[in-house]
Amino acid sequence: MKGRYTLYPDRGYLVFEVEGTVTLKEVQAFFQRILSDPEWSPGYNGLGDYTNARFELTASEVEELAHFFKATMRESPALSANVVDSKANYGMVRMFDALSDEMLNIRLFYDRSEAETWIRAHSAPLSTSREDD
């Protein structure tokens with residue numbers, strides 16, 4: 001699996017693309033890399049492009065992945081636009097959505113431009129300053 005991402009704090013979202021065969025360990029490592037990025041902060045929405053990916057996950061691995069997200073990404077991304085190109089990928093993301101206990105507001109798209117329009121309409125710039133209470 002190959003994965004790449006770009007953070008857009010001025011837009012309030014990140015864009016990531018995943019290619020190739022997706023396994024549990026690889027996808028966990030990829031998202032851990034995003035969370036370890038010094039530019040990452042809670043509040044990012046996400047646009048994920050899986051059009052060049054093929055999921056190779058069992059139902060129990062999808063459940064494990066949902067638990068991983070609940071443990072590591074408690075606060076974000078709150079909204080997730082996911083682009084798929086097959087019924088198989090659509091079903092896999094839907095299964096993840098069902099197992100994630102509404103942790104994310106997931107929308108599925110077959111068209112990337114529609115996904116980009118949706119995520120832009122629902123995102124706002126992230127504040128980089130913090131005030132003490």
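Trainee: What share of the contacts in the protein chain with a separation of 6 or more comes from residues 24 or more positions apart?

Mentor: Happy to start there, and do keep in mind that this is a predicted model. Contacts here are heavy atoms within 4.5 Å. Among those in the protein chain with a separation of 6 or more, residues 24 or more positions apart account for 79%.

Trainee: In what order do the elements of the protein chain run from the N terminus on?

Mentor: The secondary structure comes to four helices and five strands. Reading from the N terminus on, their order is β-β-α-β-α-β-α-β-α.

Trainee: Which residues does Leu65 touch, not counting residues up to four places away in sequence?

Mentor: Good one to click on, as Leu65 is among the residues that touch the most other members of the largest core. Leaving out residues up to four places away in sequence, the partners of Leu65 are Leu24, Val27, Gln28, Leu57 and Phe96.

Trainee: Why is the pair of Phe16 and Phe31 edge-to-face?

Mentor: By the ring-centre rule, the count of aromatic pairs comes to 13. In this one the centres are 5.1 Å apart and the planes stand at 85°. Planes over 60 degrees apart count as edge-to-face, so at 85° the pair of Phe16 and Phe31 is edge-to-face.

Trainee: How many residues apart in sequence are the parts that Phe16 and Phe31 tie together?

Mentor: Phe16 is buried, with a relative accessible area of 5%, and Phe31 is buried with a value of 5%. Phe16 lies in strand β2 (residues 13–22) and Phe31 in helix α1 (residues 24–36), so their pair ties together parts whose separation in sequence is 15 residues.

Trainee: How do the rings of Tyr50 and Phe55 pair: stacked, edge-to-face or tilted?

Mentor: Tyr50 counts as buried at 8% relative accessibility, and Phe55 does at 15%. Tyr50 and Phe55 also belong to one aromatic cluster, which includes Tyr5, Phe30 and Phe96. Their rings are 5.3 Å apart centre to centre, with 45° between the planes, and the pair is tilted.

Trainee: On the ring of which residue does the charged end of Arg11 sit?

Mentor: The distance from the ring centre is 4.3 Å. The ring under the charged end of Arg11 belongs to Tyr8.

Trainee: Which exposed residues does the face of α4 turned away from its buried side carry?

Mentor: In helix α4 (residues 112–121), Ala115, Trp118 and Ile119 are buried. They cover an arc of only 95° around the axis, which puts them on the same side of α4. These buried residues pack against β2, β3 (45–55), β4 (79–83) and β5 (105–109). The face turned away from them carries the exposed Thr117 and Ala121.

Definitions and conventions
Residues numbered from 1 in each chain as written. Predicted model: local features only at pLDDT ≥ 70, side-chain atom pairs only at ≥ 80, totals over all residues. Heavy atoms only, no water. Phe/Tyr/Trp six-rings, centres within 6.5 Å; stacked < 30°, edge-to-face > 60°. Helix = DSSP H or I, 4+ residues; strand = E, 2+ residues; numbered from the N terminus. Buried < 20%, exposed > 50% of the residue type's maximum accessible area, 1.4 Å probe, protein only. Lys NZ or Arg CZ within 6 Å of the ring centre and 35° of its normal. Arc of directions from axis to C-beta. Core = buried A, V, L, I, M, F, W, Y, C linked by side-chain atoms within 4.5 Å.
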